[in-house]
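Subject: Structure for your review

Dear colleague,

Please find below the structure that I am handing over to you. My notes on its pockets, its sheets and some individual residues follow it.

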Amino acid sequence: MPDLLLELFSEEIPARMQRRAAEDLKSLVTNALVDAGVTYEGAKAFSTPRRLTLHIAGLTAGSKPTREERKGPRVGSPEKALEGFLRGAGLASIDEAQIVSDPKKGDFYVAVIEKPGRATAEIIAEAMPGIIRNFPWPKSMRWGTGQLRWVRPLHSIVATFGPETEEPEVVPFEIDGIVSSNTTRGHRFLSPDAFEVRRLDDYADKLEKAKVVLDADRRKDIIVNDARNRAMALGLELVEDEGLLEEVAGLVEWPVVLVGSFDEAFLDLPDEVIRLTIRANQKCFVLRDPATGRLSNRFVAVSNIVASDGGATIIAGNEKVIRARLSDARFFWETDLKAPLESRLPKLDSVVFHEKLGTQGARVNRLEALAREIAPLVGADVEKAARAARLAKADLPTQMVYEFPELQGQMGRTYAERQGEDASVARAIEEHYKPQGPSDAVPTDPVAVAVALADKLDLLTGFWAIDEKPTGSKDPFALRRAALGVIRIVLENGLRLSLSRLLVRANAAMAEAGGDLLSFFADRLKVHLREQGARHDLIDAVFALEGQDDLLMVVRRVEALGAFLATEDGANLLAGSKRAANILRAEEKKDGVVISGAPHADHLAEPAEIALAAAIDTARAEIRSALSREDFAGAMTALAGLRAPVDRFFDDILVNAEDADLRLNRLRLLAEIREATREVADFSKIAG
């Protein structure tokens with residue numbers, strides 16, 4: 001079966017855009033083929049700084065003819081309806097449609113749309129110009145006199161198609177004067193001449209000979225393995241940095257690893273300052289001395305060329321820039337150390353946090369007050385929590401954080417330790433931002449926990465109060481991350497907290513709007529537990545109960561409920577309770593009243609209903625006793641006692657008896673089943 005090879009060759013594509021662009025190319029082309037009726041076996045996209053490449057294997061030679069019957073409006077429908085039908089079916093007039101009779105619906109129009117099969121190469125040639133013109137680059141440009149917009153000037157297009165046993169053909173198309181061909185170029189400096197290619201294996205092999213490694217992941221492997229080996233030869237180890245590795249692999253087509261050094265005097269700077277300075281300015285990796293755990297004065301640079309001098313000039317240039325930038329960092333560091341953190345707090349009064357939420361200074365005051373409230377609930381020293389909250393944002397005006405915003409918190413901790421603050425206070429200054437992602441650890445020191453919760457709850461309640469909530473995929477203030485952070489801190493530290501009370505303490509406005517925010521937390525909890533295999537409907541069932549705002553207890557109740565429903569008793573009781581709820585729903589809708597009240601003992605006529613009434617009374621007492629002890633497994637065991645009486649009731653009893661009093665009494669028994677299960681969860685929210 002034929003394969004397709006596409007290459008879009010241009011000036012250097014920004015590293016951050018390459019991998020996404022390659023996947024976009026794959027998606028756009030394969031979707032266009034599938035929409036046209038062409039199937040394929042597999043597709044893989046590649047990217048280098050100067051090219052996007054796509055290989056699609058096992059394509060069918062063409063699309064099959066299709067015949068579609070599209071139903072239209074009734075005969076005699078308004079003109080507007082007919083026009084819409086004709087336009088959608090591609091008919092010139094209603095005379096081209098057929099009239100079909102339906103015994104029940106009458107006569108209506110049907111359009112028979114027949115499409116002949118087409119050659120795959122023809123489909124590709126037709127689709128590619130539109131794909132290229134409308135490619136979803138975050139930013140694009142025009143150049144010269146052309147009208148095409150592309151991320152950088154596009155130079156050439158390779159498009160070959162054919163089976164392995166034959167010479168592939170060039171798929172002919174043109175865009176803005178660029179004509180597709182089977183010709184590309186290698187490395188800009190090491191092998192710039194043009195050469196012809198046929199299909200993927202031939203293409204990748206010739207690129208390699210022309211000093212281009214096509215696969216970005218292979219370039220990453222070359223970089224990291226060479227860097228590790230060079231470090232090992234020096235008795236050092238590479239400080240791994242996946243983000244930097246991804247970026248550097250997008251800057252080079254032929255990676256060459258080089259090692260340089262800087263003055264050891266700069267090692268008195270914090271390691272992270274050195275790493276970020278070298279990373280941000282020169283895209284270089286740092287090396288660590290395994291004997292001390294501290295950074296060494298060596299770094300790894302990645303070149304895009306094999307230099308005639310072995311890279312000496314390249315390394316000298318990097319060393320010069322790094323020396324200058326580390327000198328700047330030392331100046332910032334020494335300047336910051338001259339003033340204690342607390343002296344910087346007045347500057348926060350002029351830094352706007354949000355136009356509707358005031359300054360960072362006002363926010364610090366809120367955090368301090370809230371940390372005092374939370375501290376006793378999490379076992380933290382109140383004064384230490386308040387002190388940590390007061391200093392939590394004090395590093396924001398420092399020169400080091402201004403230069404490297406990603407060091408916020410970390411520099412605050414470092415400065416706090418230097419000025420003799422309590423260890424828990426210093427740790428909380430750094431860790432109150434945590435967790436910043438699903439792989440980030442949560443704070444465990446009680447002082448840090450108190451400040452971290454205060455920070456996130458203030459953020460959530462503040463933006464909720466001014467109606468700046470996440471919408472769809474947009475979450476500019478990272479409120480989803482903040483809510484998930486609260487959830488993880490509570491659960492992983494085993495904290496017993498009333499979430500609704502904390503929300504009101506954080507912002508009085510939440511007394512009215514807190515329910516909406518609690519629902520938001522429930523949604524985030526679903527996401528968190530679903531990743532651990534829990535069912536989202538069980539979370540809904542538990543959250544539906546009044547007063548369920550203790551996240552730890554919600555999770556434990558959900559776990560117990562899930563274990564119960566996995567048993568035969570649980571599954572059958574769920575089915576019985578849903579049957580009871582359905583009967584009640586129908587009768588309540590018909591009568592217009594909610595059925596409630598205890599059944600009368602003198603109206604219990606049959607053994608099955610007498611047994612059910614007794615079982616419900618017993619189960620509710622046992623469930624309440626177990627719940628009061630927070631014994632959720634025990635509550636489920638008590639609930640399981642209803643399974644047999646409920647089954648027997650539905651087997652033996654006609655609920656809708658002719659006698660009105662008997663019927664009402666039996667409906668009240670069903671309502672008792674509903675209320676008994678609601679002691680544990682709202683079973684109506686459970687699927688199944």
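A pocket, as the word is used here, is an open set of grid points with protein on both sides within 12 Å along at least five of seven lines. Please keep in mind throughout that the model is predicted.

Pockets

The largest pocket holds about 510 Å³ of space. Its lining is made up of 21 residues, and R363, K393, Q408, Y433 and L459 are those that lie nearest the centre. Four elements each supply at least two residues of this lining, namely β17 (352–354), α10 (360–378), α15 (446–465) and α16 (479–492). Of the lining of the largest pocket, α15 provides the largest share, with four residues. Sorted by class, the lining of the largest pocket has 13 nonpolar, three polar and five charged residues.

The second largest pocket contains about 370 Å³ of space. Here 14 residues form the lining, with E406, Q410, E430, K434 and Q436 nearest the centre. The class division of the second largest pocket is four nonpolar, four polar and six charged residues. Helix α7 (residues 271–282) contributes the most to this lining, with three residues.

The four-stranded sheet

The sheet to which β15 and β16 belong is open, has four strands in the order β13-β15-β16-β14, and pairs in the antiparallel sense. Its edge strands, β13 (237–238) and β14 (256–261), each pair on one side only. Six bridges join β14 to strand β16 (residues 295–303), again antiparallel. Within this pairing, G260 has F299 of β16 as its bridge partner. Helix α5 (residues 216–233) packs on the sheet and touches β13, β14, β15 (285–288) and β16, with a direction at about 40 degrees to that of β14.

The three-stranded sheet

A further open sheet has three strands in the order β4-β6-β5, with antiparallel pairing. Because β4 (66–74) and β5 (98–102) stand at the edges with a single partner strand each, one side of each has no neighbour in the sheet. On average, and with direction ignored, neighbouring strands of this sheet are turned by 35 degrees against each other. Strand β6 (residues 106–115) and β4 are paired in the antiparallel sense over seven bridges. Helix α2 (residues 79–89) lies across β4 and β6, and runs at about 175 degrees to β4.

Individual residues

Helix α2 includes G88. Is G88 buried, exposed or partly exposed? The relative accessible area of G88 is 46%, a value between the limits of 20% and 50%, so G88 counts as partly exposed. G88 and R70 stand 18 residues apart in sequence, and their C-alpha atoms are 9.3 Å apart in space.

D24 belongs to helix α1 (residues 15–35). Its relative accessibility is 15%, and because buried means under 20%, D24 is classed as buried. Leaving aside residues up to four places away in sequence, D24 touches F135 and P136.

Yours sincerely

Definitions and conventions: Residues are numbered from 1 along each chain as its sequence is written. This is a predicted model: local features need pLDDT of at least 70, side-chain atom pairs count only at pLDDT 80 or more; totals for chains, interfaces and linings use all residues. Side-chain values use heavy atoms; hydrogens and water are left out. On a 1 Å grid over the protein atoms alone, a cavity is a set of points where a 1.4 Å probe fits but cannot get out, and a pocket is an open set with protein on both sides within 12 Å along at least five of seven lines; lining residues have an atom within 4 Å of a point. Grid points are joined across faces, edges and corners, and a volume is the space filled by probe spheres set on the points. Ala, Val, Leu, Ile, Met, Phe, Trp, Tyr, Cys and Pro count as nonpolar, Asp, Glu, Lys and Arg as charged, and the others, Gly among them, as polar. Two strands pair if DSSP finds at least two bridges between them. Axes are lines fitted to C-alpha atoms, for helices over the stretch in contact, and angles run from 0 to 180 degrees between N-to-C directions. Contact means heavy atoms within 4.5 Å. Buried means under 20% relative accessible area, exposed over 50%, partly exposed in between (1.4 Å probe, protein chains only).
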